[in-house]
Amino acid sequence: MAWIAGGTFRMGSDDHYAEEKPTHRVTVEGFFIDVTPVTNRQFRAFVEATGHVTFAEKAPDPKDYPGALPEMLKAGSLVFSPPDHPVDLRDWSQWWQFRFRANWRRPYGPGSSIKGLDDHPVVHVAYHDAVAYAAWAGKELATEAEWEYAARGGLDDAEFAWGAELCPGGRQMANTWQGQFPFENLALDGYERTSPVKTFPPNGYGLHDMIGNVWEWTADFWSTHHPEDAPKACCVPVNPRGGPEEASYDPAQPQILIPRKVLKGGSHLCAPNYCRRYRPAARHAEPVDTSTSHVGFRCVRRVPLTD
């Protein structure tokens, strides 16, 4: 883990997606954070020690999903399945497929495995799987503010975690998508899907893969926008914890009250023509019961306050 000294920074962005607005001052106290996302090797050790069964390995309970087709209520997870032609970018079902028996051990479904992927981030972990691992390791998940502060690496006003340019001097700084998403993957960064942690340069705090590779769970409930900036320096929030659970529910599915948490960092699927969320300020809503082939996590450890 790396120690991140506390400080005040401008969280969010006014220049990209609506949910990142408005920028506002936030203070976080010092904390330790994992240098990399949790890897398959680390998660395997947790499973072997505890017998943990991930959400993707369990059949859904019908009462939690009113109206769901019975034949779909089987263990599985969402897997990125790229088409070979341009598609409507408003329809994510064109590139996501729910595959039965896809899970962290079989990231692409039956017949796949994580052989040779020990140093890749673990994927197909739902929120409570990440929380369970963190508790076992004596850690927690970061708040959105902690995560963003750490991702910025000391560059408070920079667009990216490494500076002002996405690819300075033509150098790929993170595992993201090059080409026309979702059908053309040029893999100029050397990877079509996940990459081993520490493949790309660390940020100013020595942290790897804060941007790209996999999205990462945070502890905060989703909100559609940030709060307004504090009118005075004395009112800047310290260690904010996000909004209320009830505000995180998806209004498009009022019959299913599944809380959503904030994901940070973008993934290997973020592309200039579709999801420009390879930035510290970027954020995304994810239901706590959802696991996918591009979402993982890392942990923090907070230092207890003393009088």
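Predicted model: local features only at pLDDT ≥ 70, side-chain atom pairs only at ≥ 80, totals over all residues.

Colleague: OK, and what do arginine 283 and glutamate 144 form?
Modeller: They form a salt bridge, with 2.7 Å between the closest N and O atoms. Arginine 283 sits in strand S9 (residues 283–287) and glutamate 144 in helix H3, so the bridge links distant parts of the chain, 139 residues apart.

Colleague: Which residues join them in a network?
Modeller: Through salt bridges that share partners, Glu144, Glu148, Arg152, Lys264 and Arg283 are joined into one network.

Colleague: How many salt bridges are there in the whole structure?
Modeller: A search finds 18. As a general point, side chains of opposite charge can pair when their charged atoms come close.

Colleague: What about arginine 302, which residue does it form a salt bridge with?
Modeller: Its partner is glutamate 140, and the closest N and O atoms are 2.9 Å apart. Arginine 302 lies in strand S11 (residues 300–302), while glutamate 140 is in the loop between H2 and helix H3 (144–152), so this pair ties together parts 162 residues apart in sequence.

Colleague: And how accessible are arginine 302 and glutamate 140?
Modeller: Arginine 302 has 23% relative accessibility and counts as partly exposed. Glutamate 140 is partly exposed too, with a relative accessible area of 38%.

Colleague: Which residue does arginine 90 meet in a salt bridge?
Modeller: Aspartate 88, at 3.0 Å from N to O. Arginine 90 is exposed, its relative accessible area being 75%, whereas aspartate 88 is partly exposed at 36%.

Colleague: Switching to helices. At what angle do H1 and H2 pack?
Modeller: Helix H1 (residues 40–50) and helix H2 (residues 127–136) pack at about 80 degrees, and their axes are 11 Å apart. That angle makes H1 roughly perpendicular to H2.

Colleague: Which residues meet there?
Modeller: From H1 you have Gln42, Phe43, Ala45, Phe46, Ala49 and Thr50, and they meet Asp129, Ala132, Tyr133 and Trp136 in H2. The residues of this contact divide into 7 nonpolar, 2 polar and 1 charged.

Colleague: Nice. Back to S9, what order do the strands of its sheet take?
Modeller: The order is S9-S8-S7-S10, in an open sheet of 4 strands with mixed pairing. S9 and strand S10 (295–296) are the edge strands, each pairing on one side only.

Colleague: How many bridges join S8 to S9?
Modeller: There are 5 bridges between strand S8 (residues 260–264) and S9, and the two run antiparallel. In that pairing, arginine 260 stands opposite proline 287 in S9.

Colleague: And strand S3, is it mostly covered or uncovered?
Modeller: Strand S3 (residues 24–28) is mostly covered, with 4 of its 5 residues buried. Strand S2 (residues 7–11) is joined to S3 by 5 bridges and runs antiparallel to it. One of the partner pairs is threonine 8 with threonine 27 in S3.

Colleague: Last one: where is histidine 120?
Modeller: Histidine 120 is in the loop between strand S6 (96–100) and H2. Its relative accessibility is 8%, so histidine 120 counts as buried.

Colleague: What does histidine 120 touch?
Modeller: Leaving aside residues up to four places away in sequence, histidine 120 touches Val38, Thr39, Asn40, Thr194, Ser195 and Pro196.

Note on methods
Residues numbered from 1 in each chain as written. Heavy atoms only, no water. Axes fitted to C-alpha atoms, helices over the stretch in contact; angles between N-to-C directions. Parallel < 35°, antiparallel > 145°, perpendicular 65-115°, else oblique. Contact = heavy atoms within 4.5 Å. Nonpolar A, V, L, I, M, F, W, Y, C, P; charged D, E, K, R; others polar. Salt bridge = Lys/Arg side-chain N within 4 Å of Asp/Glu carboxyl O. Buried < 20%, exposed > 50% of the residue type's maximum accessible area, 1.4 Å probe, protein only. Pairing = 2+ DSSP bridges.
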